[in-house]
Amino acid sequence: MAEKQMTQTTEDLTTIYKTLFFDLPLAGVKWGMGIGAEKETTETAWKAYDASVRLAASAIDNLYRSPLFSQVASRTLTDALRWQRVGNAVSGTVLTGLWRTLGVPTAAEVQGLSDQVRALETRLAQKKDVQAVLEQLRTLQVRLNAPSQAQYRNGHLEERAAA
Amino acid sequence: MFNLLQDLSSAWLNGAVRTLEGLRRGLTSPFPVYEDPSPTTPSQVIYEGGKLRLRYYRPVGRPQATPLLLVYALIKRPFILDLQPSNSVIANLTRQGFAIYLTDWIPPTQADTWRGFDAYVNGDLVNAVSTVQEHAGVDQVSLLGYCFGGLLSTIYTALYPETVKNFIPLSVPLDMSKQDIPLFNLVKQMDPSLLTDAFGNCPAWIMKTGFSSLSPVHHALDKYVGLYRSKEREGYTEMFELFERWMNSDVPLAGQIFRELTRDLFQHNLLAQGQFQVGGQTIDLQRITCPMLNVLGEYDDVVHPQASLPLTDLISSHDKRNLVFPTGHIGVVVSGGAQKKLWPQVGAWLKKHDHVLH
């Protein structure tokens, strides 16, 4: 694996060197003199570019593989996360107290409410059909209730009149 | 030369805007799933509960006997499986006559930090399979799990083998002792509890940073150069835009499952060693006896093929084989080659096993 990678790196370095110092100037001159085509020059340039990208990617992979890098990166990440926790705790304590004193809801409370509203919105949007049916039912119920209430009122008035 | 610079800078700026939009979505709680692009294949939500929305895609033509449940990863949105009519795993399989059910996971909120493998497998996946059994009127389903979804479906199949007729893990990160991805060295040294103590869940922006760091040269420059060089190819620009939208669709990962994944699976490799526990039960991969087609990308740079291959030796099925396809991690689902060659092969394998009694 490492041997294959080494061979690839050597090949890429050779390609870049050869393309930049020989192939590309030659293709450029030929194009300038009207002997060669633009396509030839472009293809030569892309060859050098591809080799450079492979080389850069391989260098980054080697960096990731190095124990020193992973140690430094994980230590930095650990410290950053510890400070994030401290920051969360401090802002949570200080700001919550401040908002309470001012009578303003905390960001977490607003976020909680917003989450609930959004969840309801999503559910409602997906159940549009059900909602439409429910609305129709409600309309029907109102229509059904309306005469019965009138009947009740009339009956009640009749009872009072009789009394 | 001027055109090259102009096109590149314009593509790079568009990419920067997409990245910032992705970060904005990642910082929003809950993750706005309604910002997904329009689906290519029509679907119907037949179940919603827990953190799962189960989508049903009707088969085209004469249907196959066993329905196929696609278990998608908990990372990023699932529209990569249905990007364009000519580039859609779902459309490809429905055209072959399979009734498809897709787990469209609902991204976790701060109230879901407790969700681990137990909640996703013994809760949501069990409900998904029951719903499919009832909806399709079958006793067994075929399972296809992609990447992290492959892990979930492997664990499910080991726990409930009687409900699975055929099993297709796709680029499954199983044996972490063989995960030869350079950035993995960093994951090995990380304490996942520190991250979840600070954020609750693993935030989407951290997931995004992790994936971009796998190949920074590609994400910072080479993909834009690739766009410039291929802009004459028919449909390439549209495909690039959609693909980039998916790349920026990272979702948070619930705190508990992030801890289990990092500590128990990535760092201690407990699943491959037969010591991983879900809901108090040890996952014994030997309990998997159904036919299995282990599909992997030969040039996968997210899940190394060596990490997927050992699954074939760890299960006790008699009918099992590896299908190595010459593509990368995402190429298995979106490349033209995969649409023309891989998915018809997967379909043919499923059809062959559809009527066999086990």
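This is a predicted model: local features need pLDDT of at least 70, side-chain atom pairs count only at pLDDT 80 or more; totals for chains, interfaces and linings use all residues.
Residues are numbered from 1 along each chain as written, and chains are lettered from A in the order in which they are written. Local features need pLDDT of at least 70, side-chain atom pairs count only at pLDDT 80 or more, and totals for chains, interfaces and linings use all residues.

Helix α14 of chain B covers residues 336–354; helices here are DSSP runs of H or I with at least four residues, and strands are runs of E with at least two, numbered from the N terminus. Its 19 residues should span 27 Å, taking 1.5 Å times one less than the number of residues, and the end C-alpha atoms lie 26 Å apart, which agrees. A kink of about 30° is found at B:Leu342, shortly before B:Pro344; the bend is the angle between axes fitted to the seven residues ending at a residue and the seven starting there. B:Leu342 is also among the buried residues of α14(B), including B:Trp343 and B:Val346 (buried: 20 or more other C-beta atoms within 10 Å, placed from the backbone).

Two loop residues of chain B come next. B:Cys147, between β7 and α4, has a positive phi near 55° and is buried, with 26 other C-beta atoms within 10 Å.

Finally, the contact takes 19 residues from chain B and 22 residues from chain A (C-beta atoms, placed from the backbone, within 7 Å). On the side of chain B, α6(B) gives the most, with 4 residues.

Note on methods:
A residue is buried if 20 or more other C-beta atoms lie within 10 Å of its own, exposed if 12 or fewer, and partly exposed in between; C-beta atoms are placed from the backbone. Two residues are in contact if their C-beta atoms, placed from the backbone, lie within 7 Å.
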